[in-house]
Amino acid sequence: MPKPIAPPAVDRVYTLNLGPQHPSTHGVLRVLLDLDGEFIVKADPVLGYGHRGHEKMGENRTYKQFMPNTSRMDYLSGLLFNHGFALAVEKFAGIDVPLRAKYIRTICAELNRISSHLLWFGTYVMDLGGFTPFLYAFDDRENILDILDRVTGSRLTYSYCRFGGVCQDVDETFLEMTKTFIDRLRSRFSDYHNLVTKNIIFIHRTRNVGVIHPEQARQFGVTGPNLRACGIPFDVRKMEPYELYDQFDFEIPTGTNGDALDRYNVRLEEMEQSCRIIEQALARMPKGGGYLNRSVSSRLTPPKGEVYFAFESARGLTAYYLVSDGSPHPYRCHIRVPSFSNLHVLVDVLRGTMVADAISILGSIDVVIPEIDR
Amino acid sequence: MGSFMASEWFRLIVGLVIVLAFSQLNALFLVWLERKVAGHIQLRIGPKEVGPFGLLQTIADGIKLVGKELITPRSADNKLFPVAPVLVFMPVLVGFLVLPFAPHLIIRDMNVGVLLIFAFSAFTVLAILAGGWSSNNKYALLGAIRSVAQNVAYEIPLLLAVLSVVLMVNSLQFSEIVKAQGRVWFVFVQPVAALIYLICATAETNRAPFDIPEAESELVAGFHTEFSGMRFGLFFLAEYTNMFIVSAVATSLFFGGWQGPFGFDLGIPGIVWFLAKTYVLIFVIMWVRWTFPRLRFDQLMNLSWKFMIPLSLANLIVTAIVLKLI
């Protein structure tokens with residue numbers, strides 16, 4: 001654990017209220033920082049500003065009606081949340097999905113993962129004071145939004161998946177656009193590396209900053225790129241493969257130190273791995289076979305019992321836990337979100353760092369506050 | 001009346017009017033330029049709606065700022081708070097008095113010109129401290145503290161770099177220093193000093209990657225968080241005017257001032273040479289800002305105390321020895 005450079009004297013400590021309206025808290029997060037000069041003695045994240053009661057909403061509407069809610073929790077990876085919910089209910093009610101639909105879902109989900117990582121890349125460098133990479137990342141991300149907009153009709157809150165498939169088939173233009181985008185993104189990676197990864201100031205701001213130890217990560221339940229940066233190759237797509245992920249050839253990038261630089265490298269490499277998955281999916285996708293299992297009733301009644309389904313969102317292990325009492329409404333709808341656990345490791349990691357590092361670490365952990373507050 | 005027209009007083013008054021007009025117009029132009037440069041670096045086009053090429057955008061923004069209410073926080077220091085923005089702008093204006101725009105276009109060609117300009121630019125930090133302290137806001141205070149530490153740390157290598165030029169010319173007078181570069185600009189004789197000067201000047205003006213006193217992603221807006229309307233506008237204008245001053249000083253000290261390269265002036269008037277070089281330097285400073293992320297506070301201090309100061313001291317000693325030997 002990083003030790004404070006100067007041992008803090010208690011009487012010199014003052015409190016800085018970082019947020020809820022602050023340029024770098026990415027939404028409405030409030031962190032109470034006890035500071036000694038610029039050194040952090042204690043950090044206390046305060047949550048709940050974006051609470052909308054999504055879990056409760058899940059209980060008083062049907063399974064199908066809850067689908068739009070799922071993309072509004074983690075609004076940056078809305079399609080991944082749709083996908084996870086569809087998979088959870090399909091597992092619960094035993095619904096078959098056409099093969100083509102599975103491929104479409106995988107492609108869209110991975111596109112969404114890339115868009116989420118691109119946005120993180122841009123905002124993280126902006127947190128460190130570099131404004132320009134942000135607009136480059138958004139320029140690339142705009143392409144994904146255009147692609148997904150064509151098939152889902154929405155740019156952020158997709159609600160694209162249905163139980164038994166997707167709501168709309170994709171066309172040749174979509175496939176062409178996706179291929180073009182993958183090539184374009186690959187050519188842009190070298191720009192990113194020249195502008196950011198090799199930048200001496202960037203390296204100094206991130207190396208050995210906000211080190212999360214593997215043991216610490218286990219205790220706090222940290223998942224996703226943050227965990228992989230510690231050197232633990234845990235990815236739900238590999239560990240408990242769902243959909244078609246066991247058929248694709250891709251790697252789990254890992255780091256060694258668990259610092260902000262490793263988290264950065266892991267996310268950038270993950271974009272490349274997502275590109276590989278999309279390419280394989282595009283090559284293997286069957287031409288026909290339907291995109292939706294039409295036999296699914298819109299007032300779905302899964303059998304009495306419970307289901308737990310975990311998937312990998314852009315931020316880590318996300319899971320739906322649904323309990324049914326045999327009615328069209330879930331009796332209980334709980335969502336395990338990765339940002340909640342990832343955020344709370346801050347309490348340990350921030351101790352002894354400086355305010356500027358707090359921003360860097362908070363950014364590198366990549367939290368989406370509405371996902372925590374639900 | 002005739003004697004008044006020829007007097008020093010007349011020269012001073014006309015000079016002040018010109019300085020005030022020029023510094024304001026220049027700041028407005030620089031804000032526009034910054035937005036255009038940033039735009040083109042970032043795959044955007046920058047302002048383009050107000051006036052030709054968006055040139056009037058900053059004037060529109062200025063009018064908006066003037067029209068805004070001047071809010072004073074309830075717990076702010078009533079005396080210091082309104083004074084701080086004025087304080088920050090004053091020393092910057094004084095700098096214009098000794099800048100050598102052209103052989104005969106110097107308002108006061110003092111024999112301590114270099115000293116005067118740096119003495120007054122050191123004054124800016126006081127205004128920033130006053131602004132940050134009087135706001136009674138933790139972010140503003142943190143920004144002010146950072147600013148003081150940073151300015152103290154970077155003024156030393158800055159002055160040491162300037163000193164090596166002064167040693168070569170044996171004068172603190174701008175016109176003398178510029179004339180001494182008739183054949184060879186000092187940037188070729190003193191490349192280390194020039195580099196140190198440019199880095200420290202960027203830090204002195206609180207520009208990225210050294211903009212930690214107002215690091216918007218950490219301290220919201222740093223020392224001017226609580227200032228609104230034209231009070232904020234003055235801080236803003238002072239930053240850009242300061243940028244012009246440090247670039248103009250760099251032009252005079254290292255890039256031959258009003259003279260063309262290697263004694264060729266190509267028939268271009270001195271003022272054009274001077275302004276062209278200054279704006280190129282300003283462009284470089286802007287370019288750096290939109291390319292690099294921000295340093296952390298302690299890294300910034302280390303860079304100055306552990307690297308820049310020893311290097312500039314060594315440079316000064318080498319200069320002194322070489323001059324003694326010649």
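Mentor: A salt bridge is taken here as a side-chain nitrogen of Lys or Arg within 4 Å of a carboxyl oxygen of Asp or Glu. By that rule one salt bridge is found across the interface of chain A and chain B, and the partners are A:Asp357 and B:Arg296, whose closest N and O atoms are 3.0 Å apart. Please keep in mind that this is a predicted model, in which local features need pLDDT of at least 70 and side-chain atom pairs count only at pLDDT 80 or more, while totals for chains, interfaces and linings use all residues. Residues are numbered from 1 along each chain as its sequence is written, chains are lettered from A and ligands numbered from 1 in the order in which they are written, and side-chain values use heavy atoms, with hydrogens and water left out.

Nine residue pairs, with both residues at pLDDT 80 or more, are in polar contact between chain A and chain B. On the side of chain A that touches chain B, at least two residues each come from strand S1 (14–18), helix H4 (99–127), helix H5 (132–152), helix H6 (172–197), helix H7 (200–206) and helix H14 (355–365); these elements are DSSP runs numbered from the N terminus, helices being H or I of at least four residues and strands E of at least two. S1(A) gives the most to that side, with five residues. By class, that side of chain A divides into 17 nonpolar, eleven polar and six charged residues, where Ala, Val, Leu, Ile, Met, Phe, Trp, Tyr, Cys and Pro count as nonpolar, Asp, Glu, Lys and Arg as charged, and the others, Gly among them, as polar.

If contact means heavy atoms within 4.5 Å, then 34 residues of chain A are in contact with 24 residues of chain B. The two chains bury about 2500 Å² between them, 60% of it on carbon and sulfur atoms, and buried area here is the accessible area (1.4 Å probe) that two parts lose on being put together, summed over both. In chain A the residues that lose the most area to chain B are A:Glu38, A:Thr132 and A:Ile201, together 20% of what that side buries.

Of the 326 residues in chain B, 54% are buried, which means under 20% relative accessible area, with exposed over 50% and partly exposed in between (1.4 Å probe, protein chains only).

A:Asn208 has phi near 60 degrees, a positive value in a residue other than glycine; A:Asn208 lies in the loop between H7 and helix H8 (214–220) of chain A, and counts as exposed because its relative accessibility is 55%. B:Leu43 also has a positive phi, near 60 degrees, in the loop between helix H2 (8–41) and helix H3 (57–67) of chain B, and at 46% relative accessibility B:Leu43 counts as partly exposed.

Conventions:
Polar contact = N/O pair within 3.5 Å; in protein donor to acceptor, adjacent residues only side chain to side chain.
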